[in-house]
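Me: I'm new to reading protein models. Could you walk me through one, feature by feature?

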Amino acid sequence: MAEADAVVVGSGVNGLVAAAELGLAGWSVVLVEREQDIGGFIATEERTLPGYLHDTYSSWHPLFVSGPAFARLGELLRRHGLEYRNTDEWVTASVADDGRVTLAHRDPERTAAGFAHEADRGAYLAVLGRLGGNMAAIGGLMGGELRSPALFRPAVALLRGVGRQGVEGWVRSVATSGRGYTRAGFRGDEVDHLFAPWLLHAGLAPDHASGGFLLPLLAATLHGAGVPVVAGGAGRFLDAFRSLLTATGVRVETGTRVDRILVERGRAVGVAAGGRVFRARRAVLASVTPTALYGTLLPEGSVDPEVRDEARRFRYGRAAMQIHVALSGPPGWRDARLNTVPLVHLSDGSGSTGIACAEAEAGLLPRRPTVVVGQQYVLDPGRVPPGAAALWLQLQEVPFAPRGDAAGELDTGQGWTPALARGYADRVLSRIAGHAPDLPGKVLAVDVIAPPDLARRNPNAVDGDPYGGSAELDQSFVWRPLPASGRHATGIRGLWHIGASTHPGAGLGGVSGHMVATTLTRGGRFARLPRLAPGRRIRG
């Protein structure tokens, strides 16, 4: 048996952030991870050929470097080896089937200068200006407990800043889809073309509510933070955290699956994992889904039946897949400007992306999928051999259990077989070749990670959903993770719920881990955590 102040379950970015911040505050911490290594959906591997470093899952860190966890840990992580590569030029682009290209620059004015309608240029800059003027208040809402008196301060600041009508405008944007937002606010289609595909990275579709709120936030984040990638691959991010955790005395237990959370007299007191017990004097933090927390980890009768029932009905979103491609040289884009753009979407905007989302949600492989084309080597050339290139391809509109193919070309009768995965990868590569004709001749190796592979890698990716559950409005904000439990504090004293399934949702930001660690270490009226025993030493 081991004993510590806190036990953290799961070592994705939120678990890493929480463990590091608690350790820095002098808490003794045990971090328990099912896999043989830490990181969740963070890894760098030579998945295709020797010398080609691929970020196997997540890759881009704008949410992390612009968030509160990085503000707290960034300098320390730099001392432990973390280094980023970024751009001050073109950040992202969208390419339509007809070859039309829309680009976003780090400079909002250079971005707006590419819009056809002068009115749209002013409207775009005005939106970013309003957002910038309210960012402190909005950041406080997005990074705070929405069902807490702590919400009062940022809410009042927002009201004072924009007035009642302004607040109503922000609330209305939460009820608006991304498609509706761009149609109402802009005459041309450039904003829609650029940023509607980015909603996929928030687990949404162009016609889902709250897209009207998140779309300008995503745009502002890209202008402000760019698209940073970790020098040498995302695995170096984990190296820096390992070093930091060691320096702060955090004990990391990998290859250890948590079987249950121990509850005594209404309080979480530790976990049972792999035939061992890890006792927690002060807190247990679980970076898991509601399905796992309330369905398997907590003992029967420990929570309100309503909460357990809601957890059973928690919905998961579309599945995703990754394709890694080793190339002999950079793809020859028809539009040469794309040669230096780190992240490109193949999409017509809300039109084609909306159709692909609808097909995936109907159980079909999309005929024209939105393809996220990552060109990390543009920022970090050392990831590939000299003169070579690699593509990081993400598909966020695929069904976990396909019922058919919208194009009528692929056999889905046996589910995600290797043949189906490679057949769909060929469709994706053909879409890219339509805009980079020399691509087929430069492909040296292809590695495909299908939705079932994602689910096997990370138990939080239920049904291949990498975002910890559907991000539709009824499962977001005050209703995340559950309507009856819309906070990180649970109904069990000392038990805290963190991770993508909790507010503010998915994304490599570490915000929920930071929020809970801050609450625990700074105390306050809302922590509800009396200190049971002093000391930092871990016994076991």
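Me: Let's start with one residue. Which helix does H193 lie in?

Reply: Two ground rules come before that: this is a predicted model, where local features need pLDDT of at least 70, side-chain atom pairs count only at pLDDT 80 or more, and totals for chains, interfaces and linings use all residues. Residues are numbered from 1 along each chain as its sequence is written, and side-chain values use heavy atoms, with hydrogens and water left out. As for elements, helices (H or I, at least four residues) and strands (E, at least two) are DSSP runs, numbered from the N terminus. H193 sits in helix α8, which covers residues 190–195.

Me: Is H193 buried or exposed?

Reply: The idea is to look at relative accessible area: buried means under 20%, exposed over 50%, and partly exposed in between, using a 1.4 Å probe and protein chains only. H193 comes out at 0%, so it is buried.

Me: And what does H193 touch?

Reply: A contact means heavy atoms within 4.5 Å. Not counting residues up to four places away in sequence, H193 touches S94, V95, A96, R100, T102, S347, D348 and G349.

Me: Zooming out, how many helices and strands are there?

Reply: The protein has 17 helices and 20 strands. As for burial overall, 58% of the 540 residues count as buried.

Me: What does the radius of gyration say about the overall shape?

Reply: You take that radius over C-alpha atoms and hold it against a globule rule, 2.2 Å times the number of residues to the power 0.38. For 540 residues a compact globule would be near 24 Å, and the protein has 23 Å, which agrees. The C-alpha trace spans about 65 × 55 × 45 Å along its principal axes.

Me: Where does H497 lie?

Reply: H497 is in strand β20, residues 495–498. With a relative accessible area of 1%, it is buried. Leaving out residues up to four places away in sequence, H497 touches several others, including A286, V288, P481 and T502. H497 and E145 are 352 residues apart in sequence, yet their C-alpha atoms are 12 Å apart in space.

Me: Which backbone oxygen lies 2.7 Å from a polar atom of the H497 side chain?

Reply: For a polar contact you want a pair of N or O atoms within 3.5 Å; within protein, one must be able to donate a hydrogen and the other to accept it, and residues adjacent in sequence count only if both atoms are side-chain atoms. Here the oxygen belongs to V288.

Me: What is S501 in contact with?

Reply: Setting aside its neighbours within four places, S501 is in contact with V288, T289, P290, F314, G468, R480 and P481. You'll find S501 in the loop between β20 and α17 (511–522), and at 2% relative accessibility it counts as buried. A polar atom of its side chain lies 2.6 Å from the backbone oxygen of G468.

Me: Is R34 buried, partly exposed or exposed?

Reply: R34 is partly exposed, with a relative accessible area of 31%. Its place is in the loop between β2 (29–32) and β3 (44–45). The R34 side chain has a polar atom 3.0 Å from the backbone oxygen of R456, and it reaches the backbone oxygen of R457 at 3.5 Å.

Me: Now the backbone. Which peptide bonds are cis?

Reply: You can read this from the omega angle. The bond from R480 to P481 is cis, with omega near 10°, and another cis bond joins H503 and P504, with omega about 5°. P481 is in the loop between α16 (451–457) and β20, while P504 lies in the loop between β20 and α17.

Me: What is the phi of S210, and what of R265?

Reply: S210 has a positive phi of about 80° although it is not a glycine. R265, not a glycine either, has a positive phi of about 50°. S210 counts as buried at 1% relative accessibility, whereas R265 counts as exposed at 75%. Each is in a loop: S210 between α8 and α9 (211–225), and R265 between β10 (258–264) and β11 (267–273).
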